[in-house]
Amino acid sequence: MSVLLDHLPELWQGLVVTLQLTAASFLGAAVLGVIVTALRVSPVRVLRAIGTAYVETFQNLPLLVLLVLAFFGLPEIGVKAEPLTTAIVVVSVYEAAYVGEALRSGVNSVSKGQGEAARAIGLTFTQSLRHVILPQALRTVVQPLGNIAIALIMNTALAGAVSIVELTTAAKNVNLVEAQPIPIFVGAGIAYALLAALVGLVTGRLERRLVILR
Amino acid sequence: MKKMIAVVAVALLGLAACGEADNAAVPGPSKTGKDVIGQAPAAAASDILPGSTMEKIKSRGELIVGGSLDAPLLSQQNPATGEVEGFDATMGKALAKYIIGEPKVKIVNSASETREALLANGTVDVVFQTYTITEERAKQVAFAGPYYTSGLTIAVKQGTSGITKPEDLNGKKVIAGANTPAIPAIKKLAPQAEIVTFGSDPECLQALKQDRGVAYVQDETLLIAAAQKDTAIQIVTKPFTVDPYGIGLKHGDDQMKKFVNDWLGKIQADGTWQQIWKDSIGTVVQGDAPQPPKIGSVPGS
C-alpha cells in the first residue's frame, strides 16, 4: 500500500494524461461520429457507402494496430506529429465508428413520420437532421454512448505503446523499480474502475433526465 | 491446370529458398544449440530432494519458464521453426535437462511487469528474462546467479554528434525500452533527459530512425546486433552500467536456489555455459566467451 503513496506523483501524472486523452478523444469521436451517422443515413448513395466503409474499416481493425501504424508508418510518408496528438487522433477516429453506430441506432428509433413531417414543412436534409432527428436520437442513446466512453477510457491504456505515459504505463514504470505488481496494478485498476463508475453515474442521471417516453 | 500447379510450386520453392538465404544473413543462434543441450549435464537422482520444487518439476515432466519471445539473441521465437532461441532460452532448456533429463520447457511470455507475481503464485518455476538483480526485487523473489553480466550503452543515428557519454543526454529526448533498466539508469546519470519509451526493441530502433529521440539506451548486446543489421545507427559509448542477470525463483525457496546455483557452477566449469554464449550472443560479439560472473557476487543474489 505504501508503495502507492510513495509514487503518488507519478501515478497521478499518469491519471491526468489518461483523463486528457479520454476527454479529447471522446470529443473528437463525438464530432466525427455525428458526421459518420449523417453519411450513413443520407439520401445520397455514395455518401452512404462512404459511411459504411468507414464503420466497417475501423470496427474491424484493432486499435493497437492503428496506433502503431499511425505512429511509425505516417512519418515514412512525411506526416509526423507529437505522440499525444497522434494518439488523440487515432483513438477519435477509431471510436467514431462505434459512436456512429450507436447514433444510427438512435436515428432508427425516431419514427419515420418525424422525418416525413420535417420534409413536409420544407426543411432540408441537414435541417431536419439537426432540428428534428438528431436531438431525439441523441436522447435515446445516452446509455450506449456512456458505454462507449467507458470502453474508450480502457482503450487509452494502449497509447502506452506509442510512448505516452498514461496511467497503465505509469504503473508499469513504478513497478519496474518497486517490483510489487499486485498493489500497484490493483491501485491502477481501482482508478480505472472509479472512472468507469463516474461515467456510469453521469450517463444514468442524464438518461433519466433526457429520456423520451414513447 | 497441372502446368499452373507446377509454376506455383516452383515459385513457392524459390521463395522458400530466398527465405533460407535471408535467415542465414540474420545474426542469431547457430543450429548447434541442440548439441549443447545433448552434452549438458543432468542432475544425479540424489540431488532431486523429495518434496522439493525440483521433484515437482521432474514429476510434471516440464519446466515452466517465464521468458520472452521477442528478445533477439536472448529469447526470440523463430517464426520458421517455432523454436525459441537465444542465450536465456537455451539456458532454460539446459536447466530443464538438468532437472528432468530432457530439455522440455514451456515458456510463459511473462512480460517484465508480472514476473514477481508469476513466481509468487507458482505459475512459472523460474524466470530467464534478462532479469537484473536488484535489492528491491530480491525482497520479492529469490535470485540464483548472476548467470550473465551485461551493460547499457547508447546508440544514435549515424552522423549524430555531441553524444559521447551518458551525461550528454541531459536536456535531450532519449528512447528506452519500456520496463528496462535503461529507465532508472538514465534518470540517475542524466536527470534532465526526457525519456520516451516503447514496448519493443524494433519499435525503439524505428523511433530513433524517425527522430522521436536523439539517442537510444539499451543493452549493449542488443545494440550490437541492431547496428550490425542496420548501418543507419551507430553505438557511441562502451557499456556504462553493470547489469547482473539472475535466475528468478520463488522467494524463500532456498533449496531450489542452492540447486540452481550448483547447476550454474557445473555448466560454467564444463564449458556448456560458454558454448551457449557462443551460439547466441557470441554470433554478434567478437572473441571468446567472457568470464562468467561469480555466483552470489552481487547484493540480492
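A:Thr203 is found in helix H10 of chain A, which covers residues 181-210, where helices are DSSP runs of H or I with at least four residues, strands are E runs of at least two, and both are numbered from the N terminus. The structure is a predicted model, in which local features need pLDDT of at least 70 and side-chain atom pairs count only at pLDDT 80 or more, while totals for chains, interfaces and linings use all residues. Residues are numbered from 1 along each chain as its sequence is written, chains are lettered from A and ligands numbered from 1 in the order in which they are written, and side-chain values use heavy atoms, with hydrogens and water left out.

**A:Thr203 and its surroundings**

- A:Thr203 is buried, with a relative accessible area of 9%; buried means under 20% relative accessible area, exposed means over 50%, and partly exposed lies in between, with a 1.4 Å probe and protein chains only.
- Leaving aside residues up to four places away in sequence, A:Thr203 touches A:Val142, A:Gln143 and A:Gly146, a contact being heavy atoms within 4.5 Å.

**Record annotations on chain A**

- An unreviewed UniProt entry lists residues 15-203 of chain A as "domain: ABC transmembrane type-1"; UniProt positions are given in the numbering used here, feature names are shortened, and annotations may be inferred rather than shown by experiment.
- That span, residues 15-203 of chain A, is 81% helix and 0% strand, and its end C-alpha atoms lie 21 Å apart.
- For "transmembrane region", the unreviewed UniProt entry lists residues 12-39, 145-164 and 184-204 of chain A.
- Residues 145-164 of chain A are 55% helix and 0% strand, with end C-alpha atoms 25 Å apart, whereas residues 184-204 of chain A are 100% helix and 0% strand, with end C-alpha atoms 30 Å apart.

**Chain A as a whole**

- Chain A holds 10 helices and 0 strands, and its C-alpha trace spans about 70 × 45 × 20 Å along the principal axes.
- Of the 214 residues in chain A, 43% are buried, and residues 24 or more positions apart account for 79% of the chain A contacts with a separation of 6 or more.
- The accessible surface of chain A comes to about 11000 Å², of which 68% belongs to carbon and sulfur atoms; accessible areas come from the Shrake-Rupley method with a 1.4 Å probe, and for residues only the protein chains shown count as cover.

**Chain B and its open sheet**

- Chain B has 11 helices and 13 strands, and buried residues make up 48% of its 301 residues.
- An open sheet of 5 strands in chain B has the order E10-E9-E11-E8-E12, with mixed pairing; two strands pair if DSSP finds at least two bridges between them.
- Strand E10 (194-198) and strand E12 (233-235) of chain B stand at the edges with a single partner strand each, so one side of each is left without a neighbour in the sheet.
- Strand E9 (residues 173-177) and strand E11 (residues 215-219) of chain B run parallel and are joined by 3 bridges, with B:Ile175 standing opposite B:Tyr216 in E11(B).
- Helix H7 (residues 182-189) of chain B packs on the sheet, touching strand E8 (152-157), E9, E10 and E11 of chain B, and its direction makes about 150° with that of E9(B); axes are lines fitted to C-alpha atoms, for helices over the stretch in contact, and angles run from 0 to 180 degrees between N-to-C directions.
- E8(B) and E11(B) pair in the antiparallel sense over 5 bridges, and the bridge partner of B:Ala155 in E11(B) is B:Tyr216.
- Because 5 of the 5 residues of E11(B) are buried, this strand is largely enclosed by the rest of the structure.

**B:Thr134**

- B:Thr134 lies in the loop between strand E6 (126-127) and helix H6 (135-138) of chain B, and it counts as partly exposed at 28% relative accessibility.
- B:Thr134 and B:Ser301 are 167 residues apart in sequence and 8.4 Å apart in space, C-alpha to C-alpha.

**The interface between the chains**

- Across the interface, 22 residues of chain B are in contact with 25 residues of chain A.
- The two chains bury about 1900 Å² between them, 53% of it on carbon and sulfur atoms, where buried area is the accessible area (1.4 Å probe) that two parts lose on being put together, summed over both.
- In chain B, B:Glu113, B:Gln210 and B:Arg212 lose the most area to chain A, together 31% of what that side buries.
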